[in-house]
Amino acid sequence: MTMIAPDPVAPDPKVDRALTRRRWLGRLRGGSAGRPVWRQPIAVVALAILGGWLLVAILAPLVAPYDPLAQSADTYAAPSATHWFGTDSLGRDIFSRVVHGARLSIPLALAIVSLALLVGGLLGLVAGYLGRFADEALMRLTDLVFAFPQIILAMAVTAAFGPNTRNAVLALVIVSWPVYARVIRSAVLSMRGDDYLNAARLLGVGPVRALRRDVLPNSIGPAIVLATLELGNAVLLLAALSFLGLGPRPPAAEWGSMVALGSQDLSMWWVSVFPGLAILTVVMAFNVLGDALRDRLDPRYAKGR
Amino acid sequence: MSVSPRRLRAGALALATLAIISTTACTAGGSGGNANGGEAKTLTVNTSFVLKTLDPGRVYEATGLTAVHALYDTLLTFEGSDVGKPVPALAESYEASPDAKTFTFKLRSGVTFADGSPLTADDVVFSLNRLKNIKGSPAVTVSELSVSKTDDSTVVVTSATPNPNVPVVLAMPSTGVLNAEVARDNGAKDGADAAQGDTAQQYLDTNSIGSGPYVLASYEPESQVVLEANPNYWGEKPQFERVVLRNMDVQTQKLTMQRAESAEISLDISGKLLDGLPESLQTSGVQDTVYFLFLNADPGVSAVTSNPKFNQALRAAIDYQGIAALYGQGAAPGAGLVAPAFPGTLPASEASTRDVAKAKALLAEAGLTDPTVKFNYPAITYKGVDLGTVATKVQGDAAEAGITLELNPQPLTTFLDEMRSGKSPLGFTPQSLNYPVADSLINNMAPGQATALRSGWTVERADPAIVAAGEKVTETLDLAARAAAMQEWQRLMNQSSPYIVLASNSSTVVATADLTGADYSAAGWQVDVAAVGRK
C-alpha cells in the first residue's frame with residue numbers, strides 16, 4: 001500500500017514535544033523495562049561513593065585535620081593516628097591533601113565534561129540539522145581529533161600552551177568534545193525526516209526554535225549517558241596530565257601529581273597509594289553509574305535482553 | 001563512533017591503579033644476581049645510559065666518559081676519589097713553567113696500543129690537536145691550548161693565558177690518546193679545518209684504538225657496552241676480564257642491587273633512593289653537585305628580586321638543613337658555589353643558616369609587603385631528586401617569612417630558553433662542573449660574565465669587592481693560594497650575589513661487598529672500572 005494522503009490528524013507539536021521530552025527521563029524511572037537506576041545495588045553504591053566525595057569536597061576544610069599545603073619537619077611519616085594517611089616528602093598530611101584534592105578533581109572534571117558537552121553538543125546539533133557542508137566539515141574535524149590518542153593530544157596541547165590548570169582543562173575539552181558532537185549529530189540525523197519536525201516546519205517554526213524545542217530534547221539523552229561515563233575519564237585524564245607535571249601547578253593538592261610524587265620512592269607506599277585509591281574510587285563510581293544509566297536509556301545494551 | 005564507551009572504561013582503570021600495581025611490581029621485577037650467569041671474571045656496571053659516542057674527541061656524556069676512560073689513556077689521571085692532584089699516566093712526569101703557560105710532559109717508555117704498535121709523542125700531538133680542532137662539545141676545555149713535540153718522548157703544551165690547571169684538563173677522558181695512524185686511516189683529521197673533514201666518529205663508536213686497560217668488544221648504545229681486557233696493556237692488568245655496562249633505569253638498579261651477590265655496580269642510586277638498600281652493599285660518594293637559586297638583578301625584569309634587601313631576606317628565609325634532608329644521604333646544606341668535591345670549597349661549618357625573624361625585618365626595612373615572585377624551575381628529576389619537591393620546600397620556607405613564590409615548573413628546554421634570555425625573575429638549577437676545577441665558575445658567574453648576565457648581573461650592579469676577588473683568583477697561579485682566593489670570593493658572593501646556594505649532594509657508586517676500588521670519582525668517569533677488583 002502506498003501512502004497518498006497525509007495523516008488524517010497532523011500531530012500537535014506541543015503534545016509530541018511533551019511526549020518526546022519525557023522519553024528518556026521516563027526510561028530513567030523504569031518507564032520502558034527493567035529496574036530503575038536506583039534499584040540496581042551496584043549503581044546505588046556508586047551513587048553513594050560519589051555523594052560521599054561530593055560532601056568531602058564541599059566540606060573539605062572541616063574534614064581535613066591539617067592545612068593541605070602546610071609543610072612540617074615530620075617527613076615521610078607512616079600512616080598513624082596523627083596522620084591517617086601518613087605524610088609526604090615535605091611533611092604534608094596526605095589525608096588532608098587527598099580530601100582537598102577532591103575540590104580540584106571533581107569540579108574540574110565537571111567543568112571539562114560540561115564544556116565539552118556544550119561545544120560538542122552545539123556543533124553536533126548544527127551539523128546534523130544543516131547537513132551538507134557543515135556536516136562534512138565537522139566530521140572531518142572530529143576525525144582529526146580522533147586520529148590522536150586522547151592523552152597524547154592533551155599533552156601536546158598543554159605543553160604548547162604552558163602547564164597550568166586552565167590549559168589542562170582547555171586541552172581536555174579539546175580532546176573530548178568530538179564524542180558528543182558525533183553522538184548528538186547521529187541522533188539528529190535519525191530524526192531528520194520525522195513527521196513532527198516536518199510538521200513544525202510547515203507551521204513556520206524556524207530552525208533555531210526547532211533545534212531548541214524539538215531536536216535537542218530528543219537527542220540529548222545518549223549524550224548525557226556518555227557524559228556520565230566521560231566524567232570518570234576526565235578525572236583520570238586530568239590526573240594523568242598532572243602526573244606528568246602538566247596539570248595544576250604545585251603545590252596544589254592534585255591526586256595525579258600526588259601519585260607522581262610518591263612514585264619516586266615506592267618504599268613509602270602511602271604517598272602514592274592513597275591518592276591513587278581516591279582516583280580509583282571516583283573513576284569506578286562514575287563508570288558504574290554511567291553503565292547503569294546506559295542500561296536504562298539504551299535498550300540495546302540492557303542486560304538479559 | 002570511534003571511541004567506544006567500553007574501551008574508555010577499559011582504559012579508565014589503568015592510571016587509577018598505577019600506584020598499587022607498581023608497588024606490587026617491585027617484588028616481582030628485577031633480575032637479581034649477576035646477569036652474566038655468575039661468570040667470575042665479569043664485572044657488571046648498571047647505569048641509566050647517557051651515551052652518544054665513544055669517540056674521545058666528542059665524548060661528553062656520563063656513560064661515554066666511563067667507557068672512554070677505560071679504553072684510552074691520558075697524559076695524567078686521578079686515582080680513586082681524589083680529584084685534587086693529577087698523577088702520572090702516559091706521562092711519567094711533567095714540569096710547569098712559573099708563568100703557568102708552558103707544560104712539558106715526559107712520556108713513559110715502552111707503552112703500546114692494544115694492537116701492539118708503540119705509542120709516541122706524535123700520537124699525543126695528533127689526539128690533542130684533533131680534540132681541539134674538531135670542535136666537539138669537550139673542545140672548550142682545550143681551546144686555549146696548543147701542543148707540540150720536542151722529541152719522540154716529550155710533549156709541550158702551551159696555554160695562551162696563565163692556567164695552572166692545564167694538568168687537570170689533560171686528565172680528562174676526552175684528551176685520551178688515539179693511535180694516530182689507524183685513526184687517520186679511518187677518517188680522523190687533526191688540522192685546523194678538522195671540524196668539517198673528520199669522519200672517524202662512526203669507526204670510533206664501534207672500535208677502540210687506545211692504549212687503555214680495556215678494548216671495546218661491543219657497542220649497543222640502547223642496551224649495553226662490553227669491554228674486554230687489553231692483552232697488551234702496558235700497566236698493571238685489571239682483575240676483571242670483561243666489563244659490561246648495562247642500560248638500566250634507576251628503580252630497576254635499586255631492585256637489582258638489593259639482590260646482587262657479587263661483581264655488580266650501580267651508578268645512579270643516590271639521595272633518597274639509597275634508603276632501604278641492604279647493609280652489605282658498599283657505597284662511595286662525593287658531593288660534586290650544587291643546587292642554587294638565581295635572582296634577577298635587573299630592575300627591568302623584577303623590581304622585587306633586584307632589591308638587595310629582598311635578596312638578603314630570601315637568603316635568611318630558607319631552611320638549608322631541611323633542604324639538605326630532602327636530598328637524602330650524602331647531601332649537605334649549601335655553603336658556597338664550589339661543591340665540596342673540588343679544591344676551593346667552603347668548609348661545612350660555613351653553611352648558610354636560617355633566620356626567619358631577620359628575613360621579616362629585612363622585608364619591612366625595604367618596605368616590601370607580601371612580595372610576589374614567579375619561581376621558574378625545570379620539571380625534572382636530577383640525581384635521584386625531584387627538583388619540584390625542593391622548589392616546593394623553598395616556597396614553603398619563603399611563605400613563612402612573608403614572601404610569596406609562584407611555582408612555575410617548566411619543561412627543561414623552556415626553562416633553559418627563559419634563563420638564557422635573561423627574563424627569569426627567580427630560578428632554580430643544579431650545577432655540575434664538566435671538569436674538576438672550579439675556575440669555570442668565575443669565568444661564568446662573576447659579575448658581567450655570560451651566566452651572570454642572564455641574571456642581569458652587570459659589573460655596575462655588583463659590589464666592586466666581588467669583582468676584585470674574582471680577578472684575584474684568576475691572577476693567583478699557586479694552586480693552594482688560588483683555592484684560598486676562591487673561598488674568599490665565595491664568601492663575598494654569599495653576601496650579595498644573585499646566587500643562593502641551597503645544598504650540595506653527591507653522586508654515588510653502589511657496589512657489592514666483594515669488590516674493591518669501586519670509588520666514585522668527580523673527574524667525569526664516575527668509576528674507574530679498571531681499578532675495581534675483588535677482595
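Helices (H or I, at least four residues) and strands (E, at least two) are DSSP runs, numbered from the N terminus. Residues are numbered from 1 along each chain as its sequence is written, while chains are lettered from A and ligands numbered from 1 in the order in which they are written. The model is predicted: local features need pLDDT of at least 70, side-chain atom pairs count only at pLDDT 80 or more, and totals for chains, interfaces and linings use all residues.

Chain A contains 11 helices and zero strands. Its mean pLDDT (the predictor's confidence in each residue, from 0 to 100) is 83, and 85% of its residues reach 70 or more. Residues 1-11 of chain A have pLDDT below 50, and this stretch has five contacts in the model beyond near neighbours in sequence; two residues are in contact if their C-beta atoms, placed from the backbone, lie within 7 Å. Where pLDDT is low, the predicted coordinates should not be read in detail. Of the 305 residues in chain A, 47% are buried, a term for residues with 20 or more other C-beta atoms within 10 Å of their own; exposed residues have 12 or fewer, and those in between are partly exposed.

In chain A, helix H5 (residues 132-146) packs against helix H7 (residues 165-190) at an angle of about 135 degrees, and their axes are 9 Å apart. Axes are lines fitted to C-alpha atoms, for helices over the stretch in contact, and angles run from 0 to 180 degrees between N-to-C directions. H5(A) and H7(A) are therefore oblique to each other, as angles under 35 degrees count as roughly parallel, over 145 as roughly antiparallel, 65 to 115 as roughly perpendicular and the rest as oblique. From H5(A), Leu138(A), Thr142(A), Val145(A) and Phe146(A) meet Val175(A), Pro178(A), Ala181(A) and Arg182(A) of H7(A).

Backbone geometry was also examined. Most residues other than glycine have a negative phi, and most peptide bonds are trans. In chain A, a cis peptide bond with omega of about 5 degrees joins Pro250(A) and Pro251(A). Pro251(A) is in the loop between helix H9 (207-243) and helix H10 (255-263) of chain A. In chain B, Ala263(B) is not a glycine but has a positive phi of about 50 degrees. Ala263(B) is buried, with 25 other C-beta atoms within 10 Å. Asp370(B), also not a glycine, has a positive phi of about 45 degrees. Asp370(B) is exposed, with 8 other C-beta atoms within 10 Å.
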